[in-house]
Amino acid sequence: MTGDREQQNMTQTDIAHLLADAADEVEIGIAPVQAVIQAGRRRRRARRWAVAAATAAVLAGSTGATLALAGLPGGDRQTGVAAGPSTPQARHVYRPQRTPLGTGTDRGSDWRVELTVWGAPRDRAEAAGQLTAMRKFGFTKTVLPPGPDGLVNRTSYYASLYLGDDRKPRVLLFDNLEKWDRMSGRDVSFGALPLAKEGVTGSGRLAVGRVAGTAQQVKCTWKKDESTVDLPVAAAGSPDRWFLCLAPEGESVKAAEVIQ
Amino acid sequence: MGDGKQTRDEEFQSFMVGRWPRLMRTAFLLTGEQHAAEDLVQSTLEQVYTAWRRVGAADDPEAYVRRVMINVHARKHRRRLREFLAPKDDSGLVREVADTGDRIAQADDRSALLKALAQLPARQREAVVLRYWEDLTETQAAEAMGCSVGTVKSSAAKGIAKLRAIPVLAETVTQERRK
């Protein structure tokens, strides 16, 4: 018995030795610090903000559209999804809470931007019902999870653009959250996108974003000394205020800041 | 806030540069291939970077990194492991010079071990690498693998038993002991 154990220990020691020897075969190279940091930043942004696939293509291109995040709060300031009422209807699982963020007319065509906040389904059955409701609402698969599991215990929000008589929303920004990472102070998170139908590229003149519940004014800037100020509004179902700015045609909103 | 961010980046950079060689070696044993190892380490460190504020302040950032690496490995490499490690030249010529004790024989030892590892299920491979290369305790390995100590024990034992049963490796081990 002692002999067996000794032999086993010897073998394990030998294997440890061989592992060390084999590990030396790898070429170590130089640590690609900058590449990792940049990829890590992208990963962090992507985790916090999911952008519609079509929009992401625009953001990734050279059209001037931007997605900017400034002073985002850390995890220690997250707020939980409230337990809320017991029925899915009362929790807005199947019918979202809707808040208009802005309207206007562009080249003779009316447009409006609306925020919808969908309550967190508590189980798979509720999530399946919500997914069906979201499809009926006009959201395409590019902004929906592949199955109901991705919605369970998650609050979802969608900031959508409606152009003219088209009742189909173009989702500008969306996310499915386990917890709201609530904004505070002068935190700003926004996306700048073209005022156009899905698939049409252009300058990121339409900026939509959220700020802390205490923010009174947001300044959007597209050029030096050229800016506009919006008064952010509270949105049903969201702990933050939301704002919307529109830059002149051909311009892109480059920055947004809470000024009051 | 900008200064804080810069400081964190510098801390991360220092951590990454310092740990890079060790992580590369572990990743190489897990994946068995140079590029797959680089990919595994980079993916791991990208995830570590996103949580660096928390990880950097933790008592044992190494443990977090190991856990991430095993998770990434499980996701990215488990199914493709055999493909990565498929022998490219199995002519048998190398074995003929295995007992000469020279560099070629050493290379053959490594090759034999990597091939043997390739034949292990991923979980067993992870347990063997963490226990006998990283020299972790069973508890530490369990933490890294996100499983029980019992699972680590059985996975490592099965892995070692299979490695011992492979003739080429058994022969290599015997030769190592004779030296």
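Guide: Let us begin with one position: Arg107(A) is placed in the loop between strand 3 (97-106) and strand 4 of chain A. Helices (H or I, at least four residues) and strands (E, at least two) are DSSP runs, numbered from the N terminus. This is a predicted model, in which local features need pLDDT of at least 70, side-chain atom pairs count only at pLDDT 80 or more, and totals for chains, interfaces and linings use all residues. Residues are numbered from 1 along each chain as its sequence is written, while chains are lettered from A and ligands numbered from 1 in the order in which they are written.

Visitor: Is Arg107(A) buried or exposed, and why?

Guide: A residue is buried if 20 or more other C-beta atoms lie within 10 Å of its own, exposed if 12 or fewer, and partly exposed in between, with C-beta atoms placed from the backbone. Arg107(A) is exposed because 7 other C-beta atoms lie within 10 Å.

Visitor: What should I note about the phi of Arg107(A)?

Guide: Most residues other than glycine have a negative phi. Arg107(A), although not a glycine, has a positive phi of about 50 degrees. In chain B, Asp135(B) also has a positive phi, near 60 degrees. Asp135(B) is found in the loop between helix 8 (122-133) and helix 9 (138-145) of chain B, and it is exposed, with 12 other C-beta atoms within 10 Å.

Visitor: Which residues does Asp110(A) touch?

Guide: Two residues are in contact if their C-beta atoms, placed from the backbone, lie within 7 Å. Leaving aside residues up to four places away in sequence, Asp110(A) touches Thr105(A) and Gly164(A). Asp110(A) belongs to strand 4 (residues 109-118) of chain A. Between Asp110(A) and Gly164(A) there are 54 residues in sequence, yet their C-alpha atoms are 4.9 Å apart. Asp110(A) counts as exposed, because it has 12 C-beta neighbours inside 10 Å.

Visitor: In what order do the strands of the open sheet in chain A stand?

Guide: Two strands pair if DSSP finds at least two bridges between them. In chain A, four strands form an open sheet in the order 3-4-5-6, with antiparallel pairing. Strand 3 and strand 6 (170-177) of chain A are at the edges, each with a single partner strand, so one side of each has no neighbour in the sheet. Strand 5 (residues 155-163) and strand 6 of chain A are joined by seven bridges in the antiparallel sense. Within strand 6 of chain A, Arg170(A) is the residue opposite Leu161(A).

Visitor: How many residues does the largest nonpolar core have?

Guide: A nonpolar core is a set of buried Ala, Val, Leu, Ile, Met, Phe, Trp, Tyr and Cys residues joined through C-beta atoms within 7 Å. The largest one has 52 residues, and those with the most contacts inside it include Leu19(A), Ala27(B) and Leu40(B). Its largest share, nine residues, comes from helix 1 (residues 2-31) of chain B.

Visitor: How many residues does each chain bring to the contact?

Guide: Chain A gives 29 residues and chain B gives 35 residues. On the side of chain A that touches chain B, helix 1 of chain A gives the most, with 13 residues.
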